[in-house]
Amino acid sequence: MAATSYMTDIVGVFGFPVAENPTGVMQNAAFDALGLTWRYLNIEVAAEDLGEAIGGLRAMRNFQGMNLTIPHKVEVLQYLDEVSVDARLMGAVNTVRRVDDRLIGENTDGKGFLTALRDDAGIDPFHKDFVVLGAGGAARAICVELALAGASTITVVNRSQQRGKGLVDLLNEYTPAKAKLVKWDGEYTVPTETQVLINATSIALYPDVDAMAPLVLDSLRPDLVVCDVIPNPPNTPLLRAAAARGAKTIDGLGMLVYQGAIAFKMWTGYDAPVEIMHKALAAEFEK
Ligand code: NDP
């Protein structure tokens, strides 16, 4: 008879606030589906306590890794043994995995987006022209992964020049993509050469569900792929307007599930049950 282990492998999210983070719903559904004795916990860690919390994670050896959310994604880099090339370029880590005694920082946000683009829309970013609305954390993660995957041009459209310039300079200096910045004041017209438009701002995030990104709607062509990072609710006014004009759309719920599925594989070594995770999260958002 095989020896029984009563030890639970633990992962979770360090954040502040953290009570409303729904990631555990999809990760725990995935652990249950695969019969794994793993649990995902929401752990409240204040900004000034992050170093101690990471020390605790190191000491508790069945902690297999973590997600990081506000305010820890940037600060956590100093406490890790290694950081992946893409996460270092972004300057932000959203996932930590343990390999023996080493803690390795990764960023799965942009990879989740790329998986949605490739698997759900059948689009390979290689040699394509992108417009990305926004220049915050989500936009940085998406732009870096697109650039590393061979995107030809990336036009960043952002209100704040300073934040936009930081992202465009990073892309031009460290990746092969050609990036340019457009200041976003008034309605933006999507250029005719653009193949994929991505809203990576927080416009239309719950509860502001009717908010619409200021765009010239007639520039949303049927041959454009239009993506939104907003996971809740996923069918944003932008995606509805794009679909009404015949464009292919990709929502932020898929991206959120895929970034979690990538973290799941990093932690457990198993392929994630993506459909089960998607169903669990969609049901949670509908409550
Ligand atoms: P940040 O605060 O870092 O950046 C927000 C960005 O949105 C900035 O570029 C900001 O512009 C822009 N913005 C916000 N409001 C407006 C507006 N009214 N008009 C024009 N621009 C606006 O946030 P994050 O990048 O971390 O997150 C952005 C969104 O991405 C969130 O809603 C989050 O839920 C979602 N997200 C989704 C993920 C997924 O897996 N689906 C993963 C990660 C994030 P400015 O610089 O001018 O202020």
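Colleague: Hi! Where does Pro-71 lie?

Modeller: Pro-71 is in the loop that runs between β3 (65-68) and β4 (82-83). Bear in mind that this is a predicted model.

Colleague: And what is the peptide bond from Ile-70 to Pro-71, cis or trans?

Modeller: That bond is cis, and its omega is near 5 degrees. Most peptide bonds are trans. The bond from Tyr-206 to Pro-207 is cis too, with omega near 5 degrees.

Colleague: Where does Pro-207 lie, then?

Modeller: Also in a loop: Pro-207 sits between β10 (196-199) and β11 (225-228).

Colleague: While we're on backbone angles, what is phi of Asp-100 near?

Modeller: Phi of Asp-100 is near 55 degrees, which is a positive value in a residue other than glycine. Most residues other than glycine have a negative phi. Asp-100 belongs to the loop joining β5 (95-99) and β6 (102-106).

Colleague: Okay, switching to helices. At roughly what angle do α4 and α5 cross?

Modeller: Helix α4 (residues 109-121) and helix α5 (residues 137-148) cross at roughly 60 degrees, and their axes come within 7 Å. Angles of 65 to 115 would count as roughly perpendicular, so this pair is oblique. The crossing is right-handed.

Colleague: Which residues make that contact?

Modeller: From α4 you have Asp-109, Gly-110, Lys-111, Phe-113, Leu-114 and Leu-117, and from α5 Ala-141, Ile-142, Glu-145 and Leu-146. By class, the contact of α4 with α5 holds 6 nonpolar, 1 polar and 3 charged residues.

Colleague: What about α4 and α8, at what angle do they pack?

Modeller: About 115 degrees for α4 and helix α8 (residues 252-268), with the axes 7 Å apart. The class that runs from 65 to 115 degrees is roughly perpendicular, and α4 and α8 are therefore described that way. This crossing is right-handed as well.

Colleague: Which residues of α8 does α4 meet?

Modeller: Met-255, Tyr-258, Gln-259 and Ile-262 in α8. On the α4 side the contact takes in Asp-109, Lys-111, Gly-112, Phe-113, Thr-115, Ala-116, Asp-119 and Asp-120. The residues of the contact of α4 with α8 divide into 5 nonpolar, 3 polar and 4 charged.

Colleague: One more pair. How far apart are the axes of α1 and α9?

Modeller: The axes of helix α1 (residues 23-34) and helix α9 (residues 274-286) are 8 Å apart, and the packing angle is about 140 degrees.

Colleague: Why are α1 and α9 called oblique?

Modeller: An angle has to be over 145 to count as roughly antiparallel, so α1 and α9 are oblique to each other. α1 passes α9 in a right-handed crossing. Val-25, Met-26, Gln-27, Ala-29, Ala-30 and Ala-33 of α1 make the contact with Ile-276, Met-277, Ala-280, Leu-281 and Glu-284 of α9. Sorted by class, the contact of α1 with α9 has 9 nonpolar, 1 polar and 1 charged residues.

Colleague: Now zooming out, what domains is the protein divided into?

Modeller: Domain 1 (9-107 + 254-285) and domain 2 (110-250). The centres of domain 1 and domain 2, taken over C-alpha atoms, are 25 Å from each other.

Colleague: And how many residues are in contact between domain 1 and domain 2?

Modeller: On the domain 1 side there are 11 residues, in contact with 20 residues of domain 2.

Colleague: What area do domain 1 and domain 2 bury between them?

Modeller: The two domains bury about 1400 Å² between them, with 69% of that on carbon and sulfur atoms.

Conventions: Residues numbered from 1 in each chain as written. Predicted model: local features only at pLDDT ≥ 70, side-chain atom pairs only at ≥ 80, totals over all residues. Heavy atoms only, no water. Axes fitted to C-alpha atoms, helices over the stretch in contact; angles between N-to-C directions. Helix = DSSP H or I, 4+ residues; strand = E, 2+ residues; numbered from the N terminus. Parallel < 35°, antiparallel > 145°, perpendicular 65-115°, else oblique. Left-handed = near helix turned anticlockwise from the far one by under 90°. Contact = heavy atoms within 4.5 Å. Nonpolar A, V, L, I, M, F, W, Y, C, P; charged D, E, K, R; others polar. Domains from an automatic or database assignment. Buried area = accessible area lost by both parts, 1.4 Å probe.
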